[in-house]
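Good morning, and thank you for the time.

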Amino acid sequence: MDWLQAVFLALIQGLTEFLPISSSAHLILTSKVLSWQDQGLAFDVAVHVGTLTAVLIYFRKEVVEMVTAWCGSVAGKGSTPNSRLAWAVIWGTIPVGLFGLFLEYFDIVDNYLRSISVIAATTIVFGLLLAFAETQYNGKKRSQFKNEYELRWKDVLVIGVAQALALIPGTSRSGITMTAAAMLGFSRTAAARYSFLLSIPAILLPGGLKGYQLVEEGAKFDWSFLILGIIVSAVSAFTCIHFFLKWLEKIGFMPFVWYRMVLGIVLLFFVFS
């Protein structure tokens with residue numbers, strides 16, 4: 001890996017982690033177009049540390065309030081909107097954890113689901129599903145939709161199961177969770193905010209496991225590349241979150257749907273070429 005590759009991959013990870021366009025599809029496409037070798041597990045962990053840092057900094061106020069309220073609810077001080085949202089993040093993470101263990105145990109993703117054809121198909125199919133979700137907003141005002149503090153257990157279960165599907169490469173974790181939330185009657189912004197909050201444990205848990213594996217294996221790596229990856233992915237992810245939430249209600253999901261269609265077609269070109 002050289003400096004250009006490190007910056008480019010970290011930039012892609014930071015921008016695509018939170019947009020509904022599939023980071024895995026972009027990384028696969030990049031490696032095919034530029035003939036780059038795999039960047040390695042250590043760099044993967046580094047860029048995920050960067051994106052996790054970005055979402056924690058951006059939602060620092062909400063996270064502190066949620067953690068405080070959650071601790072209060074556990075201590076028997078009653079339920080609040082913030083404690084319920086914290087529980088929604090916790091319970092919403094369980095499906096992806098269980099499904100992840102299942103896929104890891106049988107090594108399904110690496111053996112069957114990491115092909116370009118699968119990623120192209122999921123990029124297109126789940127893009128079309130996002131387009132259908134966008135139709136829920138036609139002719140309606142934002143005030144007619146629910147916010148993230150109005151999540152019910154059924155909502156949490158459906159969105160949590162949807163997030164588990166994102167373990168299939170090309171699906172997009174943010175895309176599928178926003179799609180599910182939109183179909184359940186949440187505003188675009190609420191769908192995005194809950195998706196981003198769900199990303200905290202979704203990034204932290206597998207990232208922590210990969211980091212532990214590196215330590216156990218006694219891996220050696222170039223810290224300069226890892227630090228660069230963390231910084232670039234963190235800055236790009238923070239910028240992405242900020243402008244995505246700022247513009248989402250104005251532009252809707254359709255620009256990302258069309259982008260996914262084009263991306264999926266390009267990937268299919270590599271399959272059949």
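I begin with Glu-148, which at 7% relative accessibility counts as buried, a word used here for residues under 20% relative accessible area, with exposed meaning over 50% and partly exposed in between, for a 1.4 Å probe and protein chains only. A word on the basis: the model is predicted, so local features need pLDDT of at least 70 and side-chain atom pairs count only at pLDDT 80 or more, while totals for chains, interfaces and linings use all residues. Residues are numbered from 1 along each chain as its sequence is written, and side-chain values use heavy atoms, with hydrogens and water left out.

Which residue forms a salt bridge with Glu-148? The partner is Arg-193, with the closest N and O atoms 2.7 Å apart; a salt bridge here is a side-chain nitrogen of Lys or Arg within 4 Å of a carboxyl oxygen of Asp or Glu. Arg-193 lies in helix H10 and Glu-148 in the loop between H7 and H8, so this pair ties together parts that are 45 residues apart in sequence.

Glu-134 counts as buried at 9% relative accessibility, and Arg-188 does so at 11%. Glu-249 and Arg-142 form a further salt bridge, their closest N and O atoms being 3.8 Å apart. Here helix H11, with Glu-249, is linked to the loop between H7 and H8, with Arg-142, and 107 residues separate the two. Glu-249 is partly exposed, at 25% relative accessible area. Glu-134, Arg-142, Arg-188 and Glu-249 are linked in a network of salt bridges.

How many residues has the largest nonpolar core? It has 48, and Phe-18, Val-55, Leu-151, Ile-159, Tyr-194, Phe-196 and Phe-244 have the most contacts inside it. Such a core is a set of buried Ala, Val, Leu, Ile, Met, Phe, Trp, Tyr and Cys residues joined through side-chain atoms within 4.5 Å. Helix H10 supplies the largest share of this core, nine residues. A second, separate core of 13 residues includes Ala-42, Ala-46, Leu-214 and Phe-225.

Leu-267, in helix H12 (residues 254-272), is buried with a relative accessible area of 1%. Beyond four places in sequence, Leu-267 touches Ala-25, Leu-29, Ile-116, Ile-119, Ala-120 and Thr-123, where contact means heavy atoms within 4.5 Å. Ser-83, in helix H5 (residues 81-106), is likewise buried, at 1% relative accessibility. Leaving out residues up to four places away in sequence, Ser-83 touches Ala-69, Trp-70, Ser-73 and Gly-78.

Finally, the cysteines. The count of disulfides comes to zero, a disulfide being a pair of cysteine sulfur atoms within 2.5 Å. Cys-71 is partly exposed, with a relative accessible area of 39%, whereas Cys-240 is buried, at 8%.

Notes:
Helices (H or I, at least four residues) and strands (E, at least two) are DSSP runs, numbered from the N terminus.
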